[in-house]
Structure formats: structure tokens, C-alpha cells
Amino acid sequence: MHIDQRHGPDGALPPRVREALDAFAAARGSMGTVALPVPERPWTPTEEQLRCAQASGPATLVVAGAGCGKSSVVDMRLDALSAAGVEAASVLCLSFTNAAADHLRELHPGVQSQTVASWTKERFEGVAPGVALAPAETFANITQADPRLTRCADIVRQGTLGRRGAALSCVEEVTGDPDGILGALEEVGIADLVMQAAVVLAMNGRTGSGGISHVIVDEAQDNSAVDLLLVLSFCTAYGASLFIVGDACQSLYEFRDASPDTLLALASSGVFETLTLSTNFRSSPEVLRCANALLGVMESNRDSRIVLRCPEGTDTGSCSWVDYRHRRVHPLRKDVAGQVVRAAWEKATQTLAADGSVGLLAKTNAHADELAEAAREAWPWARVVRPGSPQKAPATVLSRYLAQFGDVVSLMEGPGLVPMVERHVIGHLGDLGCGEDRATASQVSAWASWAMSQGVSDMRGLTRSIAFFESSLSDETDGNPSVEEGPTVVCTTVHGAKGLEYDCVAVPLNALDTDEADLRCDYVALTRARRHLVAVGCVREPMAEEVGEAPLGSVRRACNSDDGDKGNR
């Protein structure tokens, strides 16, 4: 099955997104403009911020550098819309996380603030009110035997295995027969997020506008091509203006089908008025010197060419690079953690003594765990926090069982259906790939207890109860808790630190990183630092001389340079 709907070289858009963008461009003339007043603030916004907040056209894209106050711009724009007489209920704000959406809703009551996923779910329920949301693997397990949904189930399953472009392929599949596939989903009673989005796109004209006339998309770099396709198609169909904020250099979720290349292509398409935010309010000049060195070699910054600058009078800090040369193909995590703590000890100790915060960042949870152990030994008097990684969904054993034995189970409908399934699943955990997992057995028993309390006795009820239960187990928390006051060392992943900042940051880097996704992760890590930055460049001994020519070689030189401009002011 052909499934690669990825964009080609030079930021080319997938064909369906290109069609949607062309339609949006053609519809801009009927969207109108809004003259926005200067939003009042107790502080003086920069000219960049005012230009973005007051953009009056129907299509605006703001490329916001790290720490440049993009949240303030969204907040200012909402106030400006309100001052111009725009009803709060006619504004839709789409955020990447529930926490961000909740925060905006608190600041601006009445504004429709939610995630793209929850917005899509609401629109889907408007055309298919009886179809429940299910995890992708659950959906694929349950529908793979239905000939009407087999191809969709295969595509969704490939998406769970990390195949990029699966969601766009699913859109193509559903668009070919939207009513037939919707009917099949209504019979099965479940759909995953990808199927919901595909149906909403295929039936865009039937979902209604909900009274929305202005759409704001925040953190757009972490949205998928399908997410952006949904927004473009909606604005075209209902004449809503579109205001997008994002930074492809900070995109971290390509493994979830985030599409920074799509955002880059939109920015360079000529359809949007493209504005930039480059005044950084977070970091010291020394930290920005290193961040700019990396920006200078990143393909994600090729068109925007952002150079971060700090306001006049920003306190100075420090940055340093320490080489860690090892002889192993993959150095031991414990050794790397020890090297990071030793390299950061002086600046981190000074920061903690001043009741500041220290962030020790890594690319994986396993490395973050080792950093936490090393930090507890180095600073026994400080508070060391290892925020829990988001809960991973356990094996979807119930839907997997149903996929294998659904035909037999359908013959056992009646009051004893749930207890029979419970006994059979627990008795065959090994055959279902779970081994003798007591935690999974407990979850199966918990499902059975709940399903019996709901009176489940037939296949449709069984399918829906499994989908609901596995969906509840796959819920994830948004981000990490805020750092409490007092001397604190936070050991977390770069993904976990997204949106956060620390007075001192230490991070191990693969000195020979060349992949753009790795460089984006490195950039996010560097820009979490407020005052002090310590980078530990890990490289295998025989290849140490190659660091100077690698992309991170520019960061190494910037960190250790005492000459020239100490940062862009």
C-alpha cells in the first residue's frame, strides 16, 4: 500500500494541502480585514509584538523565535479583537496542549479555546454523534476484519508504527467514499482521531462554522499536516480569518506526525503576511550567542533567518562547552550523567545558592533518570525533581483479543459475555503478547467490573466499552509541573522542558548531530537557559577531530569564544 504523502524537497506541500492552500488564497478576498487598536499593557510592547498583535489581514503567520513572547502576542491580539468589537465567542484559539488551551480560556472567558484534537472531535460528533473516540491501535484491532474499513485500519496501524503520512493517506481513503465509511463507523461505534479528522475533512461543509469568524493557531510547528489542512479548509469554507504562530526550529513531535516542513512551506507560500518575533526576553546575551550559532546552520531557519536579540540592559550570564571524548560506540548513560554534573557543578551550585533553578536536560527518559541520580549525589542539600514522564498506554490487550477471537465472542452474547472475555483474556495474556503481566491482568479485571456495571451483553456494547476503557488508559498529562521556589534541580527530557525555563541549564549533546530533527531538539534545549548554559559535547575518540566541521561545531566555537559581540542586543 502506498502511504508516503510526505512533502518533497524544498518544503513542497503534500498535494491535498497545496489544494487547500490554493482554495484558501482564492477565498481571502471575501474574508475582509479588521482594524485593531493598540492593546493596553502595563509594560511597553516591542514594535514586533505590536505589528503582530495588530495585523489586520485575513491571513497572518508569525514566526516566533524561542523566548520571544509569542504567548504575549496571542494574548494581546485577543484583547485587540475584543477592543475592536469582535465577540469573544466568534474567536477560536487552537493550542497544542490542554494546559495551554485552559490557560487561554482563563485569561479570555468566552473565547473558544481548545486543542485541535478536541475541536476535531466536536466537529466529528456533529455528523456522527453515536461514534465513540478510541485509541488508534484499538480502532485498528477492532475494525481490521470489516471489509469496508480494512484499508483504513491498515493505514491507521501503520501510523501507530511511526509511518509518516499515514493520516493524509487516511484522508484520501475516506474522501473516496465518505458516506459509506461514515456508515461503517456508525455500525462499529468507534473511530480514532485520524479517522475523525478524515471524516471531518470529507464533510467539511456539513459540520457548520459554530459562529467562528477568527481562528488563531498557537504552537503550529507541532501540528500535523492534517491539523493544518483542517484549519485551512475550515477557514475557506466559512470565511474565517487565520492567524498562525509557530517556529519550525522548535518542532519536536515529528514522531507524532508533526510537520514543521508544512509550516515552513506556508510561511514561504506568499499567501500569508509573514511576520517575525526575534527579541528574546528569556536568555542572557551569552546564551543567545550560542543559540544564534545553531540557528545559523539550521535548515529550519533558512527562510526566516531569525537572529535572537535581547533588550538593552539584560543581565549577563555565561556559556561553556565541555568536550567529553569516549571510546565506546555508545557511552554509558551513567558516565554521561556524571560528566554533565561535573561540568555544570560550579555554575549550578552558584545558581542553587541564590535560590535559583537548574535544569539538567536529556533527549531520553533513561538519560534523564541517570541525571537525577547524579544530581542527588552532587547536591544532597538541594531539591532534585525528576518529573514523571507521561503515562504510556498499556498494551491494548482487550482490543487485541477481540481482533483474534471476535468471531467466537460474537456467538457468546448474553449476561455472561463480559466474565467470559475476562477469564479468556487473563488466561491467554502470553498469547496476546503480554506475558504474565499482573498489572495488565488487573486492568482487564477493572474493565470487566466496570463493563458489567454498565450492563454490557452484546458485541456493540463490548466494542464500545473496550474502546472507552483503553482510551482512558492512554490519557497523557500535559508537560511537567512548574518549578517550585527555592534551590531546585529539575532533571527531565527536552520534550518535557518545552515551554519551561531555568536559571542554569546543562545538557549533553551528540557533538556530531547532523539530522535536522536532532538540531531542533538541541536548539530547544539551549534556549531553556535564562543566564547560564553548559553544553557537554559527546563524541567518540576517533571522530573527535570532526566536531569542528559538524553543525554543532559552530555552537562549540560560540560557547568558548571570548571575542567579539557577547550577544546580539
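Analyst: A residue is called buried when its relative accessible area is under 20%, and exposed when that area is over 50%. The model discussed here is predicted.

User: Why is Ile-142 called buried?

Analyst: Ile-142 has a relative accessible area of 17%. The cut-off is under 20%, so Ile-142 counts as buried.

User: Where does Ile-142 lie, and which residues is Ile-142 in contact with beyond its neighbours within four places in sequence?

Analyst: Ile-142 belongs to helix 6, which covers residues 136–143. Leaving aside neighbours within four places in sequence, Ile-142 is in contact with Val-188, Ile-190, Ser-399, Leu-402 and Thr-463. Ile-142 and Ala-403 are 261 residues apart in sequence, yet their C-alpha atoms are 5.4 Å apart in space.

User: What makes Ala-64 buried?

Analyst: Its relative accessibility is 1%. Buried requires a value under 20%, and therefore Ala-64 counts as buried. Ala-64 is placed in strand 1, residues 59–64. Apart from neighbours within four places in sequence, the contacts of Ala-64 are Lys-70, Val-245, Gly-246, Asp-247, Gln-250 and Leu-277.

User: Why is Gly-65 called buried, and where is Gly-65 found?

Analyst: Gly-65 has a relative accessible area of 5%; with the limit at under 20%, Gly-65 is therefore buried. Gly-65 is found in the loop between strand 1 and helix 3 (70–83). Beyond neighbours within four places in sequence, Gly-65 is in contact with Asp-247, Gln-250, Leu-277, Ile-306 and Leu-308.

User: Which residues does UniProt list for "binding site"?

Analyst: The unreviewed UniProt entry lists Ala-64, Gly-65, Ala-66, Gly-67, Cys-68, Gly-69, Lys-70 and Ser-71 under that name. The UniProt record also places "domain: UvrD-like helicase ATP-binding" at residues 43–284, again in an unreviewed entry. Over residues 43–284 the chain is 48% helix and 14% strand, and the end C-alpha atoms are 20 Å apart.

User: Is Ser-95 buried or exposed, and why?

Analyst: Ser-95 has 3% relative accessibility. Under 20% is the rule for buried, so Ser-95 counts as buried. Ser-95 lies in strand 2, residues 91–95.

User: Which domains does the assignment give for the protein chain?

Analyst: The assignment gives domain 1 (15–123 + 203–277), domain 2 (285–390 + 485–560) and domain 3 (391–476).

User: How do you know that domain 1 and domain 2 are in contact?

Analyst: Contact means heavy atoms within 4.5 Å. By that rule, 20 residues of domain 1 are in contact with 18 residues of domain 2. The area buried between domain 1 and domain 2 is about 1500 Å², with carbon and sulfur atoms giving 62% of it. Ala-66, Cys-249 and Leu-252 supply 41% of the area that domain 1 buries against domain 2, more than any other three residues. The centres of domain 1 and domain 2, taken over C-alpha atoms, are separated by 31 Å.

User: Why is the pair Asp-222 and Lys-498 called a salt bridge?

Analyst: The rule asks for a side-chain nitrogen of Lys or Arg within 4 Å of a carboxyl oxygen of Asp or Glu. In Asp-222 and Lys-498 the closest N and O atoms are 2.9 Å apart. The limit is 4 Å, so the pair forms a salt bridge. Across the interface of domain 1 and domain 2 the rule finds two salt bridges. Between domain 1 and domain 2 the count of residue pairs in polar contact is five.

How values were computed. Residues are numbered from 1 along each chain as its sequence is written. This is a predicted model: local features need pLDDT of at least 70, side-chain atom pairs count only at pLDDT 80 or more; totals for chains, interfaces and linings use all residues. Side-chain values use heavy atoms; hydrogens and water are left out. UniProt positions are given in the numbering used here, feature names are shortened, and annotations may be inferred rather than shown by experiment. Helices (H or I, at least four residues) and strands (E, at least two) are DSSP runs, numbered from the N terminus. Buried means under 20% relative accessible area, exposed over 50%, partly exposed in between (1.4 Å probe, protein chains only). Domain bounds come from an automatic or database domain assignment. Buried area is the accessible area (1.4 Å probe) that two parts lose on being put together, summed over both. A polar contact is a pair of N or O atoms within 3.5 Å; within protein, one must be able to donate a hydrogen and the other to accept it, and residues adjacent in sequence count only if both atoms are side-chain atoms.
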